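Here's a quick walk through one protein model, from a single side chain out to the whole fold. Have the structure open as you read.

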Amino acid sequence: MLEVPLWLWVAFAATVVVSLAVDLLAHRAAHVIGFKEAAAWSALWVGLALVFGAVVFLVLGTTAGTEYTTAWLLEKSLSVDNLFVFAVIFAYFRVPRAYQHRVLFFGVMGALVFRGIFLTLGVAVVSRFTAVLFAFAAVLFYSTYKLLKGDEEGFDPGKSFALRLLRKVIPVRNEYAGMKFFVKEAGKRVATPLLAVVAAIEAADLVFAVDSVPAVLAVSHDLFIVYTSNAFAILGLRALYFLLAGLLDRFHYLNMGLAVILGFIGVKLVFQAAHKTISPSVPEIPSPISLAVIVVVLAVSVVLSLRRPAPPQPTPAEEPGQWSGPAGRTDRADDD
């Protein structure tokens with residue numbers, strides 16, 4: 001484990017808190033996030049991640065800096081799948097575009113908390129039971145198989161466990177009420193669809209953590225490296241979504257690229273586990289090689305997607321601002 005100075009943990013926490021506060025204040029009024037605004041915020045989040053990575057290089061050394069950069073880029077690439085799910089959730093709930101940033105803001109807050117818990121548990125388990133890396137590798141190989149075969153199960157937000165649980169705890173009305181999560185009807189407190197959307201996004205992130213956590217633990221077993229890299233990748237998700245909104249279908253080779261990356265990380269895990277549990281003579285894949293593989297695969301996937309566009313798929317017209325609620329009826333949502 002790295003000897004991370006306390007001030008570096010404090011600097012990381014302060015950066016995250018201040019960044020989230022500035023983001024929240026900048027988007028306190030509901031408005032549609034345009035391409036230029038999304039590009040500016042994306043540049044800010046990437047810049048923060050890279051600056052922090054430079055600090056890691058200077059304070060903790062080249063190995064730690066390389067691991068941080070590799071883990072951040074890996075998480076950033078895996079998060080592309082999250083963007084497709086966000087689009088499905090927003091379409092299912094007919095979320096007005098002006099409210100989408102608020103939903104993703106709270107989704108990111110929850111993701112930071114849950115990833116912290118999962119990564120802490122993952123690091124603790126790996127440090128005591130190294131053989132569990134074989135199981136993690138199996139998870140990644142299975143995910144690779146699903147991506148390559150192209151028969152992934154469709155994501156249905158309406159059947160989300162979190163949404164079903166929410167409906168048991170509190171009634172969920174069909175109409176939006178601005179950016180409010182709760183309103184009173186007939187003297188009773190009820191949730192708006194906006195809260196249901198947050199619940200669905202949190203549930204989706206928990207599913208993605210099944211791939212993300214084992215993958216990042218293949219890069220490093222140090223909690224500081226894996227959590228800070230995950231956190232900075234997650235913080236940039238909202239801006240990345242709005243930046244690529246409407247363009248996601250163009251990058252149709254990304255899923256194949258992600259499959260190659262997950263398969264490679266699975267192999268890396270197998271070598272790590274064998275090196276530590278079977279024989280030290282088994283070689284490990286160095287982080288610089290992992291970083292190079294991820295960069296090359298992502299670049300090739302993007303270039304191929306742009307050079308060989310997928311044929312256009314017809315999409316049924318949908319009336320915006322409506323959601324068929326739990327009762328099966330469709331109500332008009334309040335849009336800006």
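Leu73 is buried, at a relative accessible area of 17%; buried here means under 20% relative accessible area, exposed over 50%, and partly exposed in between, with a 1.4 Å probe and protein chains only. This is a predicted model, where local features need pLDDT of at least 70, side-chain atom pairs count only at pLDDT 80 or more, and totals for chains, interfaces and linings use all residues. Residues are numbered from 1 along each chain as its sequence is written, and side-chain values use heavy atoms, leaving out hydrogens and water.

What does Leu73 touch, not counting residues up to four places away in sequence? Its partners are Leu291, Ile294, Val295 and Leu298, with contact meaning heavy atoms within 4.5 Å.

Helices (H or I, at least four residues) and strands (E, at least two) are DSSP runs, numbered from the N terminus. Helix 3 still bends by about 30° at Val80, the bend being the angle between axes fitted to the seven residues ending there and the seven starting there. It's mostly covered, too: 23 of the 31 residues in helix 3 are buried. Just past its end, Arg94 takes a positive phi of about 50°.

Elsewhere, helix 2 (residues 35–60) meets helix 9 (residues 237–244), their axes coming within 8 Å and crossing at roughly 145°. Axes are lines fitted to C-alpha atoms, for helices over the stretch in contact, and angles run from 0 to 180 degrees between N-to-C directions. On the helix 2 side, the residues in contact include Phe35, Trp41 and Trp45, and helix 9 brings Arg238, Leu240 and Phe242 among others.

Zooming out, the protein has 11 helices and 4 strands, and 49% of its 336 residues are buried. Of the contacts between residues at least 6 apart in sequence, 77% join residues at least 24 apart.
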